[in-house]
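Open the model in your viewer and get ready to select residues by number.

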Amino acid sequence: MDPINNFVKGYDKLNHLEDQAAVAASSSLSRRKPFLITISFYLLFTLIIGAAVGALVHYSYTQSPESPTLSSSSSYADSIKTICNVTQYPVSCFSALSTLNASPKFDPELILKASLKISLAHLSNLASLPKTLILRAKDPSPEAAALRDCESLLEDASAQVNNTMSAMEEGEEMLTDSKVEDMRTWLSSAITDLETCLDGLEEMNSGVVDEVKNAMQPSKEFTSNSLAILANIKVLLQNFNLSMH
C-alpha cells in the first residue's frame with residue numbers, strides 16, 4: 001500500500017503545482033491587461049492625430065493661392081490702400097479712412113459710406129462760408145452776387161451727396177446697377193456745383209477766390225474720392241470676393 005500512497009501523494013503534489021502555475025499565469029495576464037489597453041489606446045490616438053494632420057496638409061496644398069480674400073491676408077491699412085488707389089486723392093482718402101474702426105469682414109461698400117459721410121460733413125461746414133464773406137463784401141456788388149450763387153450751389157451739392165447716401169439705405173438690396181448710375185450722376189453734379197461756385201468768383205475777379213478754394217478743397221477731394229470708389233465698386237468688391245449687396 002505504501003507505493004500506492006506515495007503515488008497518490010505525488011500526484012496530488014503535481015496537481016497542486018499545476019494549480020499554482022495556472023494561478024500565477026492568470027495573475028500575470030491580469031497585470032498585463034491594463035498595460036496592453038494603455039498601449040492600444042496610445043496607438044489608436046496616434047493614428048487619429050496622424051490622419052488629421054495629413055488631412056490638413058493635403059487641404060493646405062490643394063487650396064489655390066488666390067483663394068484668401070484681401071481682408072484675411074492683408075492688414076486693414078493695406079485694404080484701405082486698395083480702395084484709395086482708385087481715387088484722384090489717395091493721400092487724403094487714406095489719412096481719413098484708415099482711422100476708422102476695422103470691421104470683422106472688410107467691405108468696400110462700408111468704406112464708400114464712410115467716404116460719403118466725410119464729404120457731407122465737409123460740405124456742411126462749408127455752407128456758412130458764403131454768408132460770412134457776403135457780410136465782408138460790398139453789397140450790392142458782383143462779388144456778393146457770386147457769393148450768393150455759391151451759397152445756393154453748396155446747398156445743392158450737399159443735397160446731391162445726401163441723395164447718394166440715402167440710395168445706399170433703400171430696399172433690401174443695398175446697391176443695384178441702376179442705383180449706382182443714379183448715385184454717380186448725383187456725385188458728379190455735386191462736384192460740378194463746387195467748380196461752378198469757383199468759376200463764378202473768378203469771373204468776378206473776387207478777392208476771396210483763394211479763401212473759398214482752400215476751404216472747399218476737402219469737400220471737393222472727398223466727393224471726388226467717393227465718386228471714384230463708386231465707379232469702381234464692382235471691381236473692388238470682386239477683389240474682396242464680394243458682390244453688390
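**Stop one: charged pairs**

Select Glu-169 and Lys-113: their side chains meet in a salt bridge, with 2.7 Å from N to O. A salt bridge here is a side-chain nitrogen of Lys or Arg within 4 Å of a carboxyl oxygen of Asp or Glu. This pair links distant parts of the chain, 56 residues apart: Glu-169 sits in the loop between α7 and α8, and Lys-113 in helix α5 (residues 108-126). Helices are DSSP runs (H or I, at least four residues), as strands are (E, at least two), and they are numbered from the N terminus.

A word on what you are viewing: this is a predicted model, in which local features need pLDDT of at least 70 and side-chain atom pairs count only at pLDDT 80 or more, while totals for chains, interfaces and linings use all residues. Residues are numbered from 1 along each chain as its sequence is written, and side-chain values use heavy atoms, with hydrogens and water left out.

Now show the surface. Is Lys-113 buried or exposed? Lys-113 is buried, with a relative accessible area of 18%, whereas Glu-169 is exposed at 51%. Buried means under 20% relative accessible area, exposed over 50%, and partly exposed in between (1.4 Å probe, protein chains only).

**Stop two: more bridges**

Next select Glu-211 and Arg-136, a salt bridge whose closest N and O atoms are 3.2 Å apart. Glu-211 belongs to helix α9 (residues 209-231) and Arg-136 to helix α6, 75 residues apart. Glu-211 is partly exposed at 33%, and Arg-136 is exposed at 55%.

Then pick Lys-234 and Asp-177, whose closest N and O atoms are 3.1 Å apart in another salt bridge. Lys-234 lies in helix α10 (residues 233-239) and Asp-177 in helix α8, so the pair ties together parts 57 residues apart in sequence. Lys-234, at 44%, counts as partly exposed, and so does Asp-177, at 46%. The structure holds six salt bridges.

**Stop three: a cavity**

Finally, select Leu-126, Leu-129, Pro-130, Leu-133, Leu-147, Cys-150, Leu-154, Cys-197, Leu-201 and Val-212, which line the largest cavity. A cavity is a set of points on a 1 Å grid over the protein atoms alone where a 1.4 Å probe fits but cannot get out, and lining residues have an atom within 4 Å of a point. The elements giving two or more residues to this lining are α6 (129-136), α7 (142-167) and α8 (177-203). What is the volume of the largest cavity? It is about 40 Å³, counted as the space filled by probe spheres set on the points, which are joined across faces, edges and corners.

Notes:
On a 1 Å grid over the protein atoms alone, a cavity is a set of points where a 1.4 Å probe fits but cannot get out, and a pocket is an open set with protein on both sides within 12 Å along at least five of seven lines; lining residues have an atom within 4 Å of a point.
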